[in-house]
Amino acid sequence: MSSTAAPVLPISNPQTTAAGGGAIEAPANNPAFRAFINNLSASLRHGLDQRRPWSELGDRSAFSKPESFSEATLRVRKNFSYFRVNYYAVVSLILAVSLLTNPFSLILLVGLLASWTFLYLFRPSDQPLVILGRTFSDFETLALLSAFTVFVVFLTSVGSVLVSALMLGVAVVCLHGAFRVPEDLFLDDQDNSQATGFLSFLRGPAASATAVPTVAARV
């Protein structure tokens, strides 16, 4: 009796291909993107570790009406230096709630950020953008993304939602800072906290801890 050959199973290629047939590296396999995400998450954790106790932020006994505009301004400056991370968290929460209550704007904003991230910032320089069989240069890609950004921000509800949320967040921060008496706050360490603040990953020194390959960087 002749033995029956085992059936050959098809093997799929894990890489996706563009419309023009060129292989595109998955975002999770991009070393620059992974390094950016790791650096971003580490900076966020480091910033959140520097937040002040929320009970201290909402201490009712520490609130009083400022006697003048100059005193209110001084209070805002001192409170912002001390509660900086807490204020960022409050503004971020207001922004997140505003976007969640406007799902259409949230979808457009996520699509815009994803387009900039995967089509330009972290796209390997040796892989041009191909759409419907047409190859786009870096300048054409930048022009398309810029036009898409103008359309999303100014011709849809995204811009108004972001501006309204940011204005509300700034108003809440200013009101709290003006009425919160800062005399009981320990401001001795504010000079040290300036160098490693909540947004330290935007200043450059934190990026030196994690080497980002320059092959995919487009900044």
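Which residues does arginine 75 touch, not counting residues up to four places away in sequence? Arginine 75 touches Ser64, Lys65, Pro66, Gly177, Ala178, Phe179, Arg180, Val181 and Pro182, where contact means heavy atoms within 4.5 Å. The structure is a predicted model, in which local features need pLDDT of at least 70 and side-chain atom pairs count only at pLDDT 80 or more, while totals for chains, interfaces and linings use all residues. Residues are numbered from 1 along each chain as its sequence is written, and side-chain values use heavy atoms, with hydrogens and water left out.

**Overall architecture**

- The protein chain contains 8 helices and 4 strands; helices (H or I, at least four residues) and strands (E, at least two) are DSSP runs, numbered from the N terminus.
- Read from the N terminus, the order of elements is β-β-α-α-α-α-α-β-β-α-α-α.
- Of the 219 residues in the protein chain, 30% are buried; buried means under 20% relative accessible area, exposed over 50%, and partly exposed in between, with a 1.4 Å probe and protein chains only.
- Among contacts in the protein chain with a separation of 6 or more, 79% are between residues 24 or more positions apart.
- The accessible surface of the protein chain is about 14300 Å², and carbon and sulfur atoms contribute 67% of that area; such areas come from the Shrake-Rupley method with a 1.4 Å probe, and for residues only the protein chains shown count as cover.

**Helix α3: arginine 75 and valine 76**

- Arginine 75 is found in helix α3 and has a relative accessible area of 7%, so it counts as buried.
- Valine 76 also has its place in helix α3, which covers residues 69-82, but at 22% relative accessibility valine 76 is partly exposed.
- Not counting residues up to four places away in sequence, valine 76 touches Cys174, Gly177 and Ala178.
- The C-alpha atoms of valine 76 and proline 182 are separated by 8.9 Å, although these residues are 106 residues apart along the chain.

**Packing of α5 and α7**

- Two packed helices are described by the angle between their axes and the distance between the axes.
- The axes of helix α5 (residues 103-121) and helix α7 (residues 158-179) come within 9 Å and cross at roughly 100°; axes are lines fitted to C-alpha atoms, for helices over the stretch in contact, and angles run from 0 to 180 degrees between N-to-C directions.
- Helix α5 is therefore roughly perpendicular to α7, a class that spans 65 to 115 degrees, with under 35 degrees roughly parallel, over 145 roughly antiparallel and the rest oblique.
- Ser105, Leu108 and Leu109 in α5 meet Val158, Val161 and Leu162 in α7.
- By class, this contact of α5 with α7 has 5 nonpolar, 1 polar and no charged residues; Ala, Val, Leu, Ile, Met, Phe, Trp, Tyr, Cys and Pro count as nonpolar, Asp, Glu, Lys and Arg as charged, and the others, Gly among them, as polar.

**Loop residues**

- Leucine 132 is found in the loop between β3 (129-131) and β4 (134-136), and its relative accessible area of 79% makes it exposed.
- The phi angle of leucine 132 is near 55°, a positive value in a residue other than glycine.
- Serine 125 is found in the loop between α5 and β3 and counts as exposed, at 51% relative accessibility.
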